[in-house]
Amino acid sequence: MQLGMIGLGKMGANMSERLVRGGHDVVGYDLNPESIERVVAIGARGATSVEDLVSRLAAPRAVWIMVPHGAPVDSTIEALRPLLDPGDIIIDGGNSLYKETVRRHGECTSAGHHFVDVGTSGGVWGLAEGYSMMVGGDPEVVSGLTPIFETLAPAPDKGWGHVGPAGSGHFVKMVHNGIEYGIMQAYAEGFAILAAKEEFALDLAAAGKVWQHGSVIRSWLLDLTVNALDDNPTMAGIAPHVPDSGEGRWTVAESIELNVAAPVITHSLLARIGSRDDIGFSHRLLSAMRNQFGGHSIKREE
């Protein structure tokens, strides 16, 4: 099956390679010429522009977008739509806000094009392990893309599914990432407690390896955590600054809108935001308050 791929960052390039290995004809384009050269080296065809990419695909066309959420998605769609024929398909495999996906689906449908949203998980391991894909869109359109999903997934019948109408794929992926935040935070806090018990001089990686087998908290995230502890037991040289992709924020906002309590996900998001406070004003003020009302000592900076 033919597929155009726009956005050849690490994930887009790896997905292209997995598709090529699976016998698909992939035409790739990226703003960075070096990214195009990399996918050509693994067997894809390179395009010099969006126009060139579309011209290299036989109708009905399917074009998969892997670009950052927001304006880059809209600008890519705007560049594509005048070049596409009725019945062509645009697939957004990035981390878009589902409300924007619903809007884009309506706009594309009005123009005679199909729009499918694919919440994609797998990261740098997807090339070897396969991708988890949460697919939203019209059933008949999704059905026609089945060979693509079966190739990208860990197995043809595992790791992907049509979860509902337009926007639902990105909605499910949004909640998936919110859950991920909470699990990561729990592991991080648990290992921090183990590290703080200095008199036991615990081998954190060894403890994690015990949990990897037979324990109710075993998971792929635990496996990756153990890998990190094996490589760097004290996390030396790593700044305590944790970014977020935005999907955790969307999940928390949605939980409030739906009146569904999500304290673990919310706390994990706030913990990430708190990690970026280089000034630490609120903590400084808390110390000053304690000094004001109770005369408690203040630790001075050196």
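**Reading a predicted model: helices, sheet and backbone**

Mentor: The axes of helix H9 (residues 168-196) and helix H12 (residues 247-257) come within 8 Å and cross at roughly 100°. This is a predicted model, in which local features need pLDDT of at least 70 and side-chain atom pairs count only at pLDDT 80 or more, while totals for chains, interfaces and linings use all residues. Residues are numbered from 1 along each chain as its sequence is written, and side-chain values use heavy atoms, with hydrogens and water left out.

Trainee: How are H9 and H12 oriented to each other, roughly parallel or roughly perpendicular?

Mentor: Two packed helices are described by the angle between their axes and the distance between the axes. Axes are lines fitted to C-alpha atoms, for helices over the stretch in contact, with angles running from 0 to 180 degrees between N-to-C directions. Angles under 35 degrees count as roughly parallel, over 145 as roughly antiparallel, 65 to 115 as roughly perpendicular and the rest as oblique. H9 and H12 are therefore roughly perpendicular to each other. Helices (H or I, at least four residues) and strands (E, at least two) are DSSP runs, numbered from the N terminus.

Trainee: Which residues make the contact between H9 and H12?

Mentor: Contact means heavy atoms within 4.5 Å. From H9 the contact is made by His 170, Phe 171, Lys 173, Met 174, Val 175, Asn 177, Gly 178 and Tyr 181, and from H12 by Glu 247, Gly 248, Trp 250, Thr 251 and Glu 254. These residues divide into 5 nonpolar, 5 polar and 3 charged, where Ala, Val, Leu, Ile, Met, Phe, Trp, Tyr, Cys and Pro count as nonpolar, Asp, Glu, Lys and Arg as charged, and the others, Gly among them, as polar.

Trainee: Which residues of H12 are buried, and what covers them?

Mentor: Buried means under 20% relative accessible area, exposed over 50%, and partly exposed in between (1.4 Å probe, protein chains only). In H12 the buried residues are Glu 247, Gly 248, Trp 250, Thr 251, Val 252, Glu 254 and Ser 255, and what covers them includes H5, H9 and helix H13 (263-274).

Trainee: In what order do the strands of the sheet run?

Mentor: Two strands pair if DSSP finds at least two bridges between them. Here 8 strands form an open sheet with mixed pairing, in the order S3-S2-S1-S4-S5-S6-S7-S8. Strand S3 (45-46) and strand S8 (160-164) stand at the edges with a single partner strand each, so one side of each is left without a neighbour in the sheet. Strand S1 (residues 2-6) pairs with strand S4 (residues 62-65) in the parallel sense over 3 bridges, and the bridge partner of Met 5 in S4 is Trp 64. Helix H1 (residues 10-21) packs on the sheet, touching S1, strand S2 (25-29), S4 and strand S6 (114-121), and its direction makes about 165° with that of S1.

Trainee: Where does the backbone take a positive phi or a cis peptide bond?

Mentor: Most residues other than glycine have a negative phi, and most peptide bonds are trans. Ala 201, which is found in the loop between H9 and helix H10 (204-211), has a positive phi near 45° and counts as exposed at 66% relative accessibility. Asn 259 is found in the loop between H12 and H13; its phi is positive, about 60°, although it is not a glycine, and at 73% relative accessibility Asn 259 counts as exposed. The peptide bond from Ala 59 to Pro 60 is cis, with omega near -5°, and Pro 60 lies in the loop between helix H3 (50-55) and S4.
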